Amino acid sequence: MRISSVLLLLIGPATLHAQTVDDGMLFPRRALSAGVVYAHEDWSQYWEGTLKRENGNIGTVTTQRVSWTAGYGVTDRLSVMVTVPYVATRASQGPLQGMSGVQDFMLAAKYQILATPLTDRGTLRALVVGAAGIPASNYTPDFQPLSIGLASRQVSGRFTLNFQARDGWFLNGSAGYTWRANVKLDRPAYYTNGQLYLTDEVAMPDVVEYSIGAGLQQGRLCIPVTLSQHRTLGGGDIRRQDMPFVSNRMDFARIDGMVMYSVPAPRNLGIRVGTSRIVSGRNVGQATEVTGGLFYNFHF
């Protein structure tokens with residue numbers, strides 16, 4: 001019913017490039033960008049399998065996240081990024097209590113394998129990304145939709161194409177695959193997808209992601225808009241009138257919009273605000289999220 005997704009969202013105020021795992025931008029060499037992002041997400045309707053419904057036992061589920069993020073330009077072609085979020089959840093109705101804590105430590109490296117002029121209108125770039133994540137605290141994933149995460153170690157790879165036009169417009173296309181490790185529950189057996197398992201270990205299905213985005217980058221201002229698709233390669237649906245399970249199939253399509261601005265003074269400070277909306281899904285909440293962040297750029 002809820003996907004707790006951690007995005008490596010960074011901004012380099014000096015260059016006004018949105019730094020995410022699926023864009024076509026890099027940090028300048030020996031530039032460090034660090035900051036904090038606050039996100040507020042809520043939903044009251046969700047998909048139980050393909051059935052869209054409400055649940056009076058939980059009402060509206062709210063997730064708040066404060067993430068520390070940083071990115072560094074190792075070379076002109078290689079950037080590394082890290083994020084650590086603190087997450088808190090709550091339900092507006094019923095007896096279920098929310099959870100809170102540090103979620104997952106995420107590390108990513110982005111490498112540019114190609115940069116070439118494409119006619120006289122702009123530059124085409126190709127990048128590859130490797131990322132890994134591990135739980136940063138001993139939280140339980142077995143209390144969906146109020147768990148703060150899925151508690152699965154994961155490794156992902158991604159390929160991105162980016163076209164940057166000389167007049168400021170840009171296009172991104174990206175595809176990624178995530179391998180997820182098994183998770184353990186605090187109980188000796190569980191039932192999912194029509195079968196009883198006499199073990200505390202749950203096999204987690206892998207995930208594929210696709211995204212396409214466009215935007216404008218001019219002067220101090222950058223405005224990207226992205227449509228992304230998340231597909232789980234296996235897992236069962238939420239049983240009727242039951243709680244979701246950690247290995248459920250969780251699919252969704254989401255639209256993200258963002259505005260980033262580098263303030264004139266202090267000149268190394270950047271501001272980011274954004275919003276996203278899940279427009280279709282399976283075993284997830286139809287969530288709306290708003291975000292805001294402050295970032296500062298250091299040069300060495």
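Five aromatic pairs are counted in the chain. The model is a predicted one. One of the pairs joins Y190 and Y197. The ring centres of Y190 and Y197 lie 5.1 Å apart, and the ring planes meet at 15°. Pairing requires centres within 6.5 Å, and stacking requires planes under 30 degrees apart. The Y190–Y197 pair is therefore stacked. Both quantities are needed for such a call, as a pair of aromatic rings is described by the distance of the centres and the angle of the planes.

The two tyrosines have separate burial classes. Y190 has a relative accessibility of 5% and counts as buried, since the cut-off for burial is under 20%. Y197 has a relative accessible area of 27% and is partly exposed. That value falls in the class between buried and exposed, because exposure begins over 50%.

G215 is buried, at a relative accessible area of 5%. Beyond neighbours within four places in sequence, the contacts of G215 are G168, W169, F170, I223 and P224. Among these contacts, W169 is 46 residues from G215 in sequence.

Contacts across the chain were classed by sequence separation. Of those between residues at least 6 apart in sequence, 63% join residues at least 24 apart. The secondary structure comprises 21 strands and zero helices.

Overall dimensions were then examined. The chain has 300 residues and a radius of gyration of 20 Å. A compact globule with this number of residues would have a value near 19 Å, so the two agree. Along the principal axes, the C-alpha atoms fill a box of roughly 60 × 35 × 35 Å.

Buried residues account for 47% of the 300 residues. Y190 and G215 both count as buried. The accessible surface of the chain is about 13,800 Å². Carbon and sulfur atoms contribute 58% of that surface.

The chain carries 27 positive and 21 negative charges. The mean position of the positive charges lies 5 Å from that of the negative charges.

Key. Residues are numbered from 1 along each chain as its sequence is written. This is a predicted model: local features need pLDDT of at least 70, side-chain atom pairs count only at pLDDT 80 or more; totals for chains, interfaces and linings use all residues. Side-chain values use heavy atoms; hydrogens and water are left out. Rings of Phe, Tyr and Trp (its six-membered ring) pair if their centres lie within 6.5 Å; planes under 30 degrees apart count as stacked, over 60 as edge-to-face and the rest as tilted. Buried means under 20% relative accessible area, exposed over 50%, partly exposed in between (1.4 Å probe, protein chains only). Helices (H or I, at least four residues) and strands (E, at least two) are DSSP runs, numbered from the N terminus. The radius of gyration is taken over C-alpha atoms; the globule rule is 2.2 Å times the number of residues to the power 0.38. Contact means heavy atoms within 4.5 Å. Accessible areas come from the Shrake-Rupley method with a 1.4 Å probe; for residues, only the protein chains shown count as cover. Lys and Arg count as positive and Asp and Glu as negative; His and the chain ends are not counted. The place of a charge is taken as NZ of Lys, CZ of Arg, CG of Asp or CD of Glu.
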